[in-house]
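Here are some questions and answers on one protein model. Have the sequence and the coordinates open as you read.

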Amino acid sequence: MSPSSPDGRTRKVRLFGFFLGVLLGVMLGGLGAAYWLGSQTDDQQFSEQQSLLQARAELIALRAQNDALSGQLVVEESTRKGLEASLRTAQAEVGRMRDQLAFFDQLLPPGPKGTISVRALEIERIGPNLLYRVLLQRSTQGEALFKGVLQFVAQGVRDGKEVKITLEAARSPGGPESVTPDTEGFALAFDQFQRGAGLLSLPDNFEPTSVTLNVLEGTAVRASRTVVLPAAH
């Protein structure tokens, strides 16, 4: 059979179609593979970007935590230095107080065992109040604490008459809810030395001329000291 015969031409057409189909299949397969590879690459890049963003967020959080810890450390360091300064001041104050007590001991030898002494008393006018500073001493040491109260009795003029008035602690600021303490506000409980200071309230229309401090144990007066006040200007 010759190639130019109808059967020969048909065979050539079929072979050409076969090769063309194979070629198209290879091309389509290549395109599909390329698309799949591209899709995989895009997914990988997206995943890497997500991981990078997460890492950046974690880094920002760690930096913020580090800044917060650094700030807290600065505050704690400042607090520590403040406490150390307060401790040094308190120690210096204790040293000064011991020196003062030693000085008072030389000037005023303590009395018999168990005696309560008013070693120092200062009272001065501060506006409508009196400021007092007091130093007490007991000659006994190491026994049970002395427990008592301070009593301040002022003598002066009110409405043109000489009167004696037991003074109370000055009212604390804070409005109508403030409460004026009673004698419990002057309670004492000490071993050998007791130092105190505070404000005494003066009644209206009362001009004090002197104030007597009594150290009471129950109803018994264990020590007393009077301070004469200068005339008001």
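Buried means under 20% relative accessible area, exposed over 50%, and partly exposed in between, with a 1.4 Å probe and protein chains only. This is a predicted model: local features need pLDDT of at least 70, side-chain atom pairs count only at pLDDT 80 or more, and totals for chains, interfaces and linings use all residues. Residues are numbered from 1 along each chain as its sequence is written, and side-chain values use heavy atoms, with hydrogens and water left out.

Q: What percentage of the residues of the protein count as buried?
A: The cut-off for buried is under 20% relative accessible area. The protein has 233 residues, and the share that counts as buried is 22%.

Q: Which pattern does the protein follow along the sequence?
A: Helices (H or I, at least four residues) and strands (E, at least two) are DSSP runs, numbered from the N terminus. The protein has 1 helix and 9 strands. Read along the sequence, the pattern is α-β-β-β-β-β-β-β-β-β.

Q: How much of the accessible surface of the protein belongs to carbon and sulfur atoms?
A: Accessible areas come from the Shrake-Rupley method with a 1.4 Å probe; for residues, only the protein chains shown count as cover. The accessible surface totals about 16,600 Å². The carbon and sulfur part of that surface is 59%.

Q: What share of the contacts with a separation of 6 or more joins residues 24 or more positions apart?
A: Contact means heavy atoms within 4.5 Å. Among contacts in the protein with a separation of 6 or more, the share from residues 24 or more positions apart is 63%.

Q: What kind of aromatic pair do tyrosine 132 and phenylalanine 152 form?
A: Rings of Phe, Tyr and Trp (its six-membered ring) pair if their centres lie within 6.5 Å; planes under 30 degrees apart count as stacked, over 60 as edge-to-face and the rest as tilted. The structure holds 4 aromatic pairs. In this one the centres are 4.6 Å apart, with 45° between the planes, so the pair is tilted.

Q: Which strands does this pair of tyrosine 132 and phenylalanine 152 link?
A: The two residues are 20 apart, in distant parts of the chain. Tyrosine 132 is buried because its relative accessibility is 7%. Phenylalanine 152 has a relative accessible area of 0%, so this residue is buried too. Tyrosine 132 lies in β2 (residues 129–138), and phenylalanine 152 lies in β3 (residues 146–158).

Q: Which residues form one aromatic cluster?
A: Phenylalanine 152 also pairs with phenylalanine 186, edge-to-face, at 5.3 Å centre to centre and 65° between the planes. That pair spans 34 residues, from strand β3 to the loop between β5 (168–169) and β6 (187–190). Phenylalanine 186 is buried, like phenylalanine 152. The cluster is Tyr132, Phe152 and Phe186.

Q: Which residues does alanine 223 contact beyond its neighbours within four places in sequence?
A: Alanine 223 lies in strand β9 (residues 220–228). Its relative accessible area is 9%, so alanine 223 is buried. Threonine 115 is 108 residues away in sequence, yet 8.3 Å away in space, C-alpha to C-alpha. The contacts of alanine 223 are Ile116, Val118, Leu213, Asn214 and Val215.

Q: Is asparagine 129 buried or exposed?
A: Asparagine 129 sits in strand β2. Beyond its neighbours within four places in sequence, this residue contacts Glu124, Ala170, Leu199, Leu200, Ser201 and Leu202. Its relative accessibility is 17%, so asparagine 129 counts as buried.

Q: Is aspartate 159 buried or exposed?
A: Aspartate 159 is in the loop between β3 and β4 (161–166). Its phi is near 55°, a positive value in a residue other than glycine. The relative accessible area is 62%, so aspartate 159 is exposed.

Q: Where is asparagine 205 found?
A: Asparagine 205 has a positive phi of about 60° although it is not a glycine. Asparagine 205 counts as exposed because its relative accessibility is 61%. Its place is the loop between β7 (193–201) and β8.
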